[in-house]
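This report covers a single protein, from its overall dimensions down to one residue.

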Amino acid sequence: MASDPRSSSPPASAVSASIGEVAYLTVTAVTSVGAFLRWGPPKDVLLPYSEQSFRPEVGNRVLVKLYEDDQQRPVASMRLERFLQDEAWSLSQGDQVTLVVAERTDLGMKVVVNHTYWGLIYQDDLTQPLRRGQGLTGFVKRRREDGRLDISLLPPGESRLDVVGEKVLQALRESGGYLPLGDKSSAQEIKARLGVSKSAYKQAIGRLYKRELITIEPLAIRLQPGVAATLMQ
């Protein structure tokens, strides 16, 4: 006798998703009522045909919203537009938020914010490669007049420069204490190597210079000799 696809999942610790969240889940079975997705509990969650935007196959991963139906049964939906809002009046500039990566657009990366709102990370603000379904922390860069959210992966203010500074120090460690990016390097070179803007880079290396951690050349920076010995350990 065939086994019940809803009870064929690995232990709950293998997946962590809850009702109310947007998650990127694996299809474990396709039946006459829809697809079943691994989400953690012993029984897989149903993705009904009516909630599918395309027909996934076993082994595919799909981005879904988890919710309870009228009978309080857990259900998944690929139709995120039914659950997510464009306007986020409860959030403000600088707020830390949870993100789930949705899809790439012509402007950048569309993300789900706090499992409730749509947000956009513009191409210039992408500081690292992102993949569909990835969960990470971000910050509200701006709430526009229409309530829509622009998102940044870097925190605002001084904290942002600390994060960029750490990226610079890490790059210096990995390259033996020398980085061919200086005060006169192009914005494209800096973006390609570190994923940050030239403005943020210049501010960050200025702070590192004042702390006497680096020396700055027109087209490069170097760790100070004593600092290099410590950081390279």
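The model is predicted. Its secondary structure consists of 4 helices and 13 strands. The C-alpha atoms occupy a box of roughly 70 × 45 × 25 Å along the principal axes. The radius of gyration is 22 Å, whereas a compact globule of 233 residues would have a value near 17 Å.

Among contacts with a separation of 6 or more, 55% join residues 24 or more positions apart. Of the 233 residues, 42% count as buried.

| Property | Value |
|---|---|
| Accessible surface of the protein | about 12,700 Å² |
| Share of that surface from carbon and sulfur atoms | 48% |
| Positive side chains | 30 side chains |
| Negative side chains | 27 side chains |
| Distance between the centres of the two charge sets | 3 Å |

T28 belongs to strand β1, which spans residues 22-31. Is T28 buried or exposed? T28 counts as buried because its relative accessibility is 17%, and the cut-off for buried is under 20%. The side chain of T28 also has a polar partner: the side chain of D44, at 2.6 Å. Thus T28, a buried residue of strand β1, makes a side-chain polar contact with D44.

Terms used
Residues are numbered from 1 along each chain as its sequence is written. This is a predicted model: local features need pLDDT of at least 70, side-chain atom pairs count only at pLDDT 80 or more; totals for chains, interfaces and linings use all residues. Side-chain values use heavy atoms; hydrogens and water are left out. Helices (H or I, at least four residues) and strands (E, at least two) are DSSP runs, numbered from the N terminus. Buried means under 20% relative accessible area, exposed over 50%, partly exposed in between (1.4 Å probe, protein chains only). A polar contact is a pair of N or O atoms within 3.5 Å; within protein, one must be able to donate a hydrogen and the other to accept it, and residues adjacent in sequence count only if both atoms are side-chain atoms. The radius of gyration is taken over C-alpha atoms; the globule rule is 2.2 Å times the number of residues to the power 0.38. Contact means heavy atoms within 4.5 Å. Accessible areas come from the Shrake-Rupley method with a 1.4 Å probe; for residues, only the protein chains shown count as cover. Lys and Arg count as positive and Asp and Glu as negative; His and the chain ends are not counted. The place of a charge is taken as NZ of Lys, CZ of Arg, CG of Asp or CD of Glu.
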